[in-house]
Amino acid sequence: MTFDNLVTATHMSELINTAMLLFMAVTALAVAKLRNLFAVVMLTGIYSLVAAALYVVLDAVDVAFTEAAVGAGVATVLMLGTLALTKDTEKVTTGGNALKALVLVTITGAVLIWATFDMPLYGDPTAPINEHVAPRYINDSGKETGVPNIVTSVLASYRGYDTMGETFVIFTAAAGVITIIGRAPKKRRRKDKGGSEA
Amino acid sequence: MIHRKSILRVVSKFLIPFIMLFAFYVQWHGDFGPGGGFQAGVILGAAFILYAILFGVGFGRKVIPPWVTRLMLSLGVLIYSGTGVLCLLLGGNFLDYNMLSHDPVHGQELGITLVEIGVGTTVTAAMVTIFFAFAGQSERDDEGDLEAPADKEA
């Protein structure tokens, strides 16, 4: 790729990024506004899909893959499963402290944006994160692990403890779901037969 | 009675093998391209979830019974931590894959493959388990025609 091509590509990806971030903002506003929870679930799925596309533009294909599979796929199905158990319209609450909430959210948002001014620029080679262990991963991970995908070698080898912890988290989540609601239908069936346990 | 959702059911029967194949591709190809155990587990779990959505939780549980998902759930974690313990027994640190083979690079490749299998197994089982636990709550409200006799509890 020549330098000119690179510049054009950079502008193009900025345009795409802006468009997709706008999409995400609009989706988020619609999620906040809508009362129909079925539409909200669909919109969160769309939000995740746009986020996944954004990660692809940022060259984070592994993250994009996970976002598309979990955020847009499984999470949507689980939310729909939850909707099937509850009502699909949000209860409208009048009054409340809407103004206070708006002020609080605005202040928090302003503080967060202010904090980003301290952050290094995106892709800055002198940023702390790019000077610590990243050079070693990029230079040596292929030789040390024989795995061409750096993300995989970092996840499964250099950061094997973290990934093991994540696996245990998923295990615990499923175990918790089994413990809390896994046996409910059986109980209900027994109650239907005439038992009067609470 | 197969009239309802018949197009979706037929199409999904064509699609599910490919979804599963793609899951295994992502699992075994994670060291070359994007993907790995987590993504593969989610995709494989999604194949079972798709089947359960279209054919009912009862039939879904016939395909992958609760004891299988529970076994997979704990087996994956066991494979992962077992790999670590194996490295300990072979004289290295916990999860130090260099010990798994005479050549450190081969050991790393083997170790990464093993832990990714562990992650994939647990994630598949977790996705299916969580979905069945939620969907099982309302299974008796579904159409009864396709309901296979429920095995045991969720």
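Student: How many residue pairs are in polar contact between chain A and chain B?

Tutor: This is a predicted model, and in it the count between the two chains is eleven residue pairs, with both residues at pLDDT 80 or more. Helices H3 (61-85), H6 (134-145), H7 (150-158), H8 (160-181) and H9 (184-192) of chain A each give two or more residues to the side that touches chain B. The largest share of that side, 13 residues, comes from H8(A).

Student: How many salt bridges does the rule find across the interface of chain A and chain B?

Tutor: The rule finds zero salt bridges there.

Student: How many residues of each chain are in contact, and what is the area buried between chain A and chain B?

Tutor: On one side 44 residues of chain A take part, and they are in contact with 46 residues of chain B. The buried area is about 4200 Å², and carbon and sulfur atoms give 72% of this area.

Student: What pattern does chain A follow along the sequence?

Tutor: Chain A reads α-α-α-α-α-α-α-α-α, with nine helices and zero strands. Of its 198 residues, 23% count as buried. The accessible surface of chain A comes to about 13700 Å², and 69% of this surface belongs to carbon and sulfur atoms.

Student: Is A:Asp59 buried or exposed?

Tutor: A:Asp59 has a relative accessible area of 67%; exposed means over 50%, so A:Asp59 counts as exposed.

Student: Which loop holds B:Leu95, and is B:Leu95 buried or exposed?

Tutor: B:Leu95 is in the loop between helix H4 (66-89) and helix H5 (104-137) of chain B. B:Leu95 also has a positive phi, about 65°, although it is not a glycine. Its relative accessibility is 7%; the cut-off for buried is under 20%, so B:Leu95 counts as buried.

Student: Which residues form a nonpolar patch on the surface?

Tutor: A:Leu99, A:Leu102, A:Val103, A:Ile107, A:Val111, A:Ile113, A:Trp114 and A:Phe117 form one, with about 930 Å² of accessible area together. One of them, A:Val103, is found in helix H4 (residues 98-116) of chain A.

Notes. Residues numbered from 1 in each chain as written. Chains lettered and ligands numbered in written order. Predicted model: local features only at pLDDT ≥ 70, side-chain atom pairs only at ≥ 80, totals over all residues. Heavy atoms only, no water. Patch = residues over 30% accessible without salt bridge, like charges linked within 9 Å, V, L, I, M, F, W, Y side chains within 5 Å. Areas by Shrake-Rupley, 256 points an atom, 1.4 Å probe, with all protein chains shown as cover. Salt bridge = Lys/Arg side-chain N within 4 Å of Asp/Glu carboxyl O. Helix = DSSP H or I, 4+ residues; strand = E, 2+ residues; numbered from the N terminus. Contact = heavy atoms within 4.5 Å. Buried area = accessible area lost by both parts, 1.4 Å probe. Polar contact = N/O pair within 3.5 Å; in protein donor to acceptor, adjacent residues only side chain to side chain. Buried < 20%, exposed > 50% of the residue type's maximum accessible area, 1.4 Å probe, protein only.
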